[in-house]
Amino acid sequence: HDLSDDSDYAQQSLGRSRSVSGGAGVVYCKDNVAIHPMQYGSERISGRLRLLKQGAALFLTWIPYKRSNLGISEKDRDLYTIEPVPLSDVRSIRRHNPPLGWQYIIVVLQSGLAFPPLYFYSGGVREFLATLKQHVRIVRSADDANVFLVNDFHDPLQRSLSSLELPRAVSVANGPSHDSVASLSIEESERLNGLTYHGTSSTSEYGGRQRHKVHDPARDISLQVLEKFSLVTKFARETTSHIFRESNSFDSYEKKKQNNSSMISTASHIDTHKNANGPSESSDTLQPDSLNLVWGKPRQPPLKIEEWAAFLDSEGRVNDSKALRKRIFYGGVEHNLRKEVWKFLLGYHTYDSTYAEREYLSAVKKTEYEKIKSQWQSISSSQAKRFTKYRERKGLIEKDVVRTDRSVAYYDGDENLNVKILHNILLTYSFYNFDLGYCQGMSDLLSPILFVMEDEAEAFWCFAALMERLGPNFNRDQNGMHSQLFALAKLVEVLDSPLHNYLRQADCLNYFFCFRWILIQFKREFEYEKVMQLWEVLWTHYLSEHFHLYICVAILKKYRKKIIDEQMDFDTLLKFINELSGQIDLDSIIKDAEALCICAGENGAACIPPGTPPSLPLEEGYYQD
């Protein structure tokens, strides 16, 4: 929708630019420049891209049209707006002309943070770069003709830092000299590289030329940003796959690691940038870095009963399980609905089951539960004396249940019946799954389920369904835990290489300090209600079956600076991680984990060995007759 003449937009645009408009002039203006906030290109938000000149400073801003996308709210429009950004804060700009689709650019800031791809639906990338060249210093990357290093030559400090090639987000010890190409114009550089601008197509980025590969931080950054942020659209995702296969495959990544020439992930450096106006962080606080990984979709209100009813057909089947899981991933479930919805998320009910089928299943499973329970209830005292395994497990359960969530009103007080039910379910499960039995931590997983179900038999079967996925966490050989800790180490290596390098130096790559997080799914890291909200996100299986590992990475990344600055060894790190309990902002961490999961893409999935215990349910339930 071309709404460049929309008076509402014009008024909004004027208001947003007033902070830099005192004496500022518009040196470039382009309409129909769009972003794609969702995965598919059809869901686009169009707006106006402008370059504003105020004194010696140049600013970039993008504002969506007021009616650019049906259904977009004022709040969301504010979220997607790119407020005026000084070009002195921009590290590089990567342009791309895919064979199919529209030209787009990705703007990477000095902090490593990147804006989403900006698509030029009416062309104009060449004019945009030419205008930049008139006002700021642009240097084409020696290693990638589509990457332009940006420096504000009007800022003496910035010019000095650039000429010294001091490291900011990545090391530039092996970087190319800026001066060697500083005098080249964009057109001259293109002639030297055999590239031309023509519509939406160009010659191949590599053109079959054999070139000496020089470590170029801007290219490292831009390729990572392209890989990560281009996942928001179909065109960019397809284009990036081609680039990634040639330049940044997982195998080549491993080889580069061995050659001490690894590619640094953009996400690894995002939170190294501090708020210039904020106070410095003291070393004895648990405050994380303030800058988020990426701007992302905000959390929504929990699923309400009216919405839930709309997902069901007349016989009670869920019409669109993927849409339901997505809705829950971004908002959770109202507490009064959890008893019904959790049974689907945990796999106790199938999404295509009817009201009648679920009612029948519940009756059958209640009878089955009572039969299993009777096995230990019928054990006499003389039998118990000769049944060592039974006595050991019963003793462990009795010790644990009296210490489980007693601060929660549902389990508070002496002679609490719900504590007795907790005991009965765990002991019954030790007979249902005799090989696994009972291990410390299982009571933590059962407690919220019983709290929600308020029914012994239903809580048992929901817990049994959960243990189908988390049971390997409690195996005696701990293979399930080790595989997850190994996957976590690989994810950190890909998504936060500075932290990975530090942990390697500190001999902490076993990640045992995250053991509790994974074993009981962050049960002791958040308040009771927050734990249930997090579990709902994990159980949706919306982005990844192993989303809990991205939660781990997000938390570690949030506190990476403190960990490195204080040179924490294993014991100090373990103590620090335990002290984070109750101090983590769940919504922020989920958003960061979502961004990391999207950033990692197929490379993240490749980090997780086959057979690693999933923390999320399968779409089909476990109990089908």
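Reply: There are 23 salt bridges in this structure, and since the model is predicted, please take every distance below as a computed value. As background, side chains of opposite charge can pair when their charged atoms come close.

Let's begin with aspartate 313 and arginine 317, whose side chains meet in a salt bridge at 3.6 Å, N to O. Aspartate 313 has a relative accessible area of 24%, so it counts as partly exposed. Arginine 317 is partly exposed too, because its relative accessible area is 29%.

Now move along to helix H24, which covers residues 560-565. Here lysine 561 forms a salt bridge with aspartate 565, and the closest N and O atoms are 2.5 Å apart. The two residues are 4 apart in that helix, so about one helical turn separates lysine 561 from aspartate 565. As for solvent, lysine 561 has a relative accessible area of 27%, which makes it partly exposed.

Helix H25, residues 570-579, holds another such pair. Lysine 575 bridges to glutamate 579, with 2.4 Å between the closest N and O atoms. Glutamate 579 comes out as partly exposed, because its relative accessible area is 37%. Elsewhere, salt bridges with shared partners tie Asp405, Asp444, Lys523 and Arg524 into one network.

Charged ends also turn up over rings. Lysine 365 has its charged end over the ring of tryptophan 461, 4.5 Å from the ring centre. Arginine 393 does this with phenylalanine 434, where the charged end sits over the ring at 4.6 Å from its centre. Tryptophan 461 also belongs to an aromatic cluster, together with Tyr369, Tyr429, Tyr432, Phe460 and Phe463.

That brings us to the rings themselves, where the count is 31 aromatic pairs. One to look at is tyrosine 410 with phenylalanine 451: the ring centres are 5.4 Å apart and the planes meet at 85°, so this pair is edge-to-face. It links distant parts of the chain, with tyrosine 410 in the loop between helix H15 (388-401) and helix H16 (417-432), and phenylalanine 451 in helix H17 (residues 442-453), 41 residues apart. Tyrosine 410 has a relative accessible area of 17%, so it is buried. Phenylalanine 451, at 21% relative accessibility, counts as partly exposed, because buried means under 20%. Tryptophan 517 and phenylalanine 522 make a tilted pair, 6.0 Å centre to centre with 35° between the planes. Both tryptophan 517 and phenylalanine 522 are buried.

One caution before you zoom in elsewhere. The chain has a mean pLDDT of 75, and 67% of its residues reach 70 or more. Over residues 152-285, though, pLDDT stays under 50, and the model has 262 contacts beyond four places in sequence for that stretch. Residues 616-625 also stay under 50, with 40 contacts beyond four places in sequence. Where pLDDT is low, the predicted coordinates should not be read in detail.

How values were computed:
Residues are numbered from 1 along each chain as its sequence is written. This is a predicted model: local features need pLDDT of at least 70, side-chain atom pairs count only at pLDDT 80 or more; totals for chains, interfaces and linings use all residues. Side-chain values use heavy atoms; hydrogens and water are left out. pLDDT is the predictor's confidence in each residue, from 0 to 100. Contact means heavy atoms within 4.5 Å. Rings of Phe, Tyr and Trp (its six-membered ring) pair if their centres lie within 6.5 Å; planes under 30 degrees apart count as stacked, over 60 as edge-to-face and the rest as tilted. Buried means under 20% relative accessible area, exposed over 50%, partly exposed in between (1.4 Å probe, protein chains only). A charge sits over a ring if NZ of Lys or CZ of Arg is within 6 Å of the ring centre and within 35 degrees of the ring normal. A salt bridge is a side-chain nitrogen of Lys or Arg within 4 Å of a carboxyl oxygen of Asp or Glu.
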